[in-house]
Amino acid sequence: MHFVALCLDKPNSLATRLENRPDHLAFLGERPDVVKLAGPFVDSAGQPCGSMLVLDRPDEESARAFLAGDPYAKAGLFASVELRPFKPVLGTYLA
């Protein structure tokens, strides 16, 4: 089952994001079976201000558990995290 995680950063948290980015990327990169697509939202100045991830997990509980292990989550970066079931139909990431 797929889930889309929409994670919005807390205000004025760019330093926290940048400090934790290497660990965040390593964490996601270690699980290509789980992370099907990921990247930052950017503000009008082009600065990252949130994250979007497409995850492949058996259920919502395991998707939430995976997100909780992300170094960004552990650092308290996010003001909000919305997790929604997702049914992929088209796109290159399905290959």
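Two strands are taken to pair if DSSP finds at least two bridges between them. Helices (H or I, at least four residues) and strands (E, at least two) are DSSP runs, numbered from the N terminus. The model is predicted: local features need pLDDT of at least 70, side-chain atom pairs count only at pLDDT 80 or more, and totals for chains, interfaces and linings use all residues. Residues are numbered from 1 along each chain as its sequence is written, and side-chain values use heavy atoms, with hydrogens and water left out.

Strand 1 and strand 3 pair in the antiparallel sense over 7 bridges. Within this pairing, Phe-3 has Leu-55 of strand 3 as its bridge partner. Strand 1 (residues 2-9) is also joined to strand 4 by 8 bridges, again antiparallel. Here Val-4 stands opposite Arg-84 of strand 4. Cys-7 has Val-81 as its bridge partner in strand 4.

The 4 strands form an open sheet in the order 2-3-1-4, with antiparallel pairing. Strand 2 (35-42) and strand 4 (78-86) are the edge strands, each pairing on one side only. The twist averages 15 degrees from one strand to the next. For such angles, axes are lines fitted to C-alpha atoms, for helices over the stretch in contact, and values run from 0 to 180 degrees between N-to-C directions.

Two helices accompany the sheet. Helix 1 (residues 14-29) lies across strand 1, strand 2, strand 3 (48-56) and strand 4. Helix 1 runs at about 20 degrees to strand 3. Helix 2 (residues 60-68) packs on the sheet and touches strand 1, strand 2, strand 3 and strand 4 (contact: heavy atoms within 4.5 Å). The direction of helix 2 makes about 145 degrees with that of strand 4.

Lining residues have an atom within 4 Å of a point. Of its 13 lining residues, Arg-17, Arg-21, His-24, Leu-25 and Pro-40 are the closest to the centre. Helix 1 supplies the largest share of the lining, 6 residues. Helix 1, strand 2 and strand 3 each supply at least two.

Conventions: 1 Å grid on protein atoms, 1.4 Å probe; cavity = no way out; pocket = protein on both sides within 12 Å on 5 of 7 lines; lining within 4 Å.
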